[in-house]
Amino acid sequence: MILVTGGSGTIGREVLRLIPSDVRVRVMARVPERIVGAPAAAEVVRGDFADPHSVAAALAGADAVFLVTNRVEEDDGRFLRAARSAGVRHVVKLSAAAVEDPLADDAVTRWQRRNEELLRTCGTGWTLLRPRSFMSNALSWAGSVREQGVVRALHGRSPNSCVDPRDVAEVAARALTGRIPPGGAHTLTGPEALTAAGQTAVLAGLLGRPLRFEELGAERARAALAARHPAEVVEALLESAERQRAGAKAGVDGTVPRLLGRPAGSFRRWASDHLAAFAGG
């Protein structure tokens, strides 16, 4: 039986879709009503990382777990101790590619490194997934593209080898079902490094209309981020953006093609599949 956390998120939704129908699936969610598109036979349970009783109930009988945590807190430590006590054999953890960069020392990356170490030493089998930024982050531009024909981002010319979240989910599903052996830390990127301006050009071509790119700059970006994140996360994201501008996120890794036996998905393909979000109407 596989337990999926983060089932309402970008990767978790896709993982649920990709797990074979003959595998038992349980989904842990703070708000079960937000779980959409799970297999009909999936068991959806209410659970919160901060509530040990709900975590223990969700883990009961689980053989493998897909672990996604988002708060810069001690969720991972509590969960992994409970997973070991429950007899879980394999935890597949969503981390981030920045942990490999020795120059990355922001609060979020330090938290991710601590969580990776907790997993490696918790006593279960483990797999670490380290994706670059998700192509789906471009959906944050959808409203301004539809209404104003504008894409706004912090830096227009900083490259990122962003990855199709469906590729990340497929790697996760294969790891959870034993088709990828435990014990690996996998860096997952797309097939090329693109800038926000370059992504804007791709969207414009697919939409068949011109789009304007507008660079926000640090202060406008900080104000926009502060409306959604705590201060330490805002500063971490801004530091991360500066590393990207220096080229730290431009490297293309061959792990996705090696693990999946096909090329990594391109931004053009992802954008084409999600074009309705940008076109409106």
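Mentor: What follows is a run through some labels, each set against its definition.

Mentor: Bear in mind that this is a predicted model, where local features need pLDDT of at least 70, side-chain atom pairs count only at pLDDT 80 or more, and totals for chains, interfaces and linings use all residues. Residues are numbered from 1 along each chain as its sequence is written, and side-chain values use heavy atoms, with hydrogens and water left out.

Trainee: Okay, helices first. Why are H4 and H9 called roughly perpendicular to each other?

Mentor: Helices here are DSSP runs of H or I with at least four residues, strands are E runs of at least two, and both are numbered from the N terminus. Helix H4 covers residues 107–120, helix H9 covers 231–245, and their axes cross at roughly 95° and come within 7 Å. Each axis is a line fitted to C-alpha atoms, for helices over the stretch in contact, and angles run from 0 to 180 degrees between N-to-C directions. Under 35 degrees counts as roughly parallel, over 145 as roughly antiparallel, 65 to 115 as roughly perpendicular, and the rest as oblique. The crossing is roughly 95°, so H4 and H9 are roughly perpendicular.

Trainee: Which residues make that contact?

Mentor: Contact means heavy atoms within 4.5 Å. H4 brings Ala107, Val108 and Thr109, while H9 brings Glu232, Val233, Ala236 and Arg243. Sorted by class, that is 4 nonpolar, 1 polar and 2 charged residues. For the classes, Ala, Val, Leu, Ile, Met, Phe, Trp, Tyr, Cys and Pro are nonpolar, Asp, Glu, Lys and Arg are charged, and the others, Gly among them, are polar.

Trainee: Arg243 turned up in the H9 contact. How do you know whether Arg243 is buried or exposed?

Mentor: Buried means under 20% relative accessible area, exposed means over 50%, and partly exposed is in between (1.4 Å probe, protein chains only). Arg243 has 12%, so it is buried. Leaving aside neighbours within four places in sequence, Arg243 is in contact with Ala98, Asp101, Leu103, Ala104, Asp106, Thr109, Ala248 and Lys249.

Trainee: Which label does Gly125 get?

Mentor: Gly125 is found in strand E6 (residues 125–131). With 24% relative accessibility, Gly125 counts as partly exposed.

Trainee: Now helix H2. How do you know that its buried residues line one face?

Mentor: H2 spans residues 52–59, and its buried residues are Ser54, Val55, Ala58 and Leu59. Viewed down the axis, they fall within an arc of 130°, so they line one face of the helix. That arc is taken from the directions from the helix axis to the C-beta atoms. An α-helix has 3.6 residues a turn, so residues three or four places apart point the same way.

Trainee: What sits on the face turned away, and what covers the buried side?

Mentor: The face turned away carries exposed Pro52, His53 and Ala57. Cover for the buried residues includes strands E1 (2–5), E2 (25–29), E3 (43–46) and E4 (64–67), plus helix H3 (75–85).

Trainee: Last one. What makes Asp51 a cap for H2?

Mentor: A side-chain oxygen of Asp51 lies 3.2 Å from the backbone nitrogen of His53, at the N-terminal end of H2. A polar contact is a pair of N or O atoms within 3.5 Å; within protein, one must be able to donate a hydrogen and the other to accept it, and residues adjacent in sequence count only if both atoms are side-chain atoms. H2 is followed by Gly61, which has a positive phi near 85°.
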